[in-house]
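Please examine the structure before reading each solution.

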Amino acid sequence: MTLAIRPAEQGDLAALTALYNHYIATTAITFDIEPMTVEARAEWFSHYAAAGRHRLLVAHDGPVLVGYASTGRFAVKAAYETSVEVSIYVAPDQARRGIGTALYEALFTSVADEDIHRVYAGITLPNDASLRLHERFGFTPVGVYREVGRKFGRYHDVLRMQREF
């Protein structure tokens with residue numbers, strides 16, 4: 001594996017959308033229900049920059065996008081500005097290759113000098129791999145939203161985790 005991690009570029013948008021759509025269609029990891037179009041994902045993409053608290057990094061194995069990770073807005077009110085929420089997705093055929101770890105290492109390094117006080121994550125349960133990844137990076141549980149989302153005809157819990165930064 002020749003893994004390259006870099007800030008996302010406009011040319012990554014179709015592959016980012018395809019990867020995310022896989023998780024929409026097949027899992028409750030995201031609570032989006034309908035597949036996204038590239039045009040709809042462009043709005044999401046526009047919130048990320050090469051500098052600042054909100055970053056989007058992609059991992060490529062050769063020409064193939066195999067994952068991405070981001071820090072984004074935690075909540076819209078100004079007092080939350082120094083809190084960010086992370087998100088990470090790895091291509092399903094690339095699991096257990098260290099891509100998630102490499103992405104988070106690069107992501108947290110890229111924002112190390114930003115004014116961030118806390119980092120939050122939400123994990124739809126069960127998801128042991130995501131739980132282990134977040135624990136490896138110092139996230140601790142802060143609570144569970146019970147049956148907060150309904151997808152595929154059933155309700156799902158979401159574990160909220162945080163880490164100091």
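**Exercise 1.** Determine how many aromatic pairs a search of the whole structure finds, and classify the pair of Trp44 and Tyr48.

*Solution.* The structure is a predicted model. For Trp44 and Tyr48, the centres are 5.5 Å apart and the planes form an angle of 70 degrees. Centres within 6.5 Å make a pair, and planes over 60 degrees apart count as edge-to-face; therefore the pair of Trp44 and Tyr48 is edge-to-face. Both residues are buried. They also belong to a cluster linked by ring pairs, together with Tyr20, Tyr23, Tyr68 and Tyr89.

**Exercise 2.** Identify the charged residues that lie over the rings of Trp44 and Phe108.

*Solution.* Over the ring of Trp44 sits the charged end of Arg41, 3.6 Å from the ring centre. Over the face of Phe108 lies Arg163, at 4.6 Å from the ring centre.

**Exercise 3.** Explain why the buried residues of helix 2 are on the same side.

*Solution.* The buried residues of helix 2 are Arg41, Trp44 and Phe45. They lie on the same side of helix 2 because their arc around the axis is only 95 degrees. Glu39 and Glu43, on the other side of helix 2, are exposed.

**Exercise 4.** Locate Phe31 and state which residues make the nonpolar surface patch.

*Solution.* Phe31 is found in the loop between helix 1 (13-26) and helix 2 (38-45). Its relative accessibility is 32%, so Phe31 counts as partly exposed. Phe31, Tyr145 and Val148 make a nonpolar surface patch of about 290 Å².

Notes:
Residues are numbered from 1 along each chain as its sequence is written. This is a predicted model: local features need pLDDT of at least 70, side-chain atom pairs count only at pLDDT 80 or more; totals for chains, interfaces and linings use all residues. Side-chain values use heavy atoms; hydrogens and water are left out. Rings of Phe, Tyr and Trp (its six-membered ring) pair if their centres lie within 6.5 Å; planes under 30 degrees apart count as stacked, over 60 as edge-to-face and the rest as tilted. Buried means under 20% relative accessible area, exposed over 50%, partly exposed in between (1.4 Å probe, protein chains only). A charge sits over a ring if NZ of Lys or CZ of Arg is within 6 Å of the ring centre and within 35 degrees of the ring normal. Patches are made of residues with over 30% relative accessible area and no salt bridge: like charges are joined within 9 Å, nonpolar side chains (Val, Leu, Ile, Met, Phe, Trp, Tyr) within 5 Å. Accessible areas come from the Shrake-Rupley method with a 1.4 Å probe; for residues, only the protein chains shown count as cover. A salt bridge is a side-chain nitrogen of Lys or Arg within 4 Å of a carboxyl oxygen of Asp or Glu. Helices (H or I, at least four residues) and strands (E, at least two) are DSSP runs, numbered from the N terminus. The arc is that of the directions from the helix axis to the C-beta atoms.
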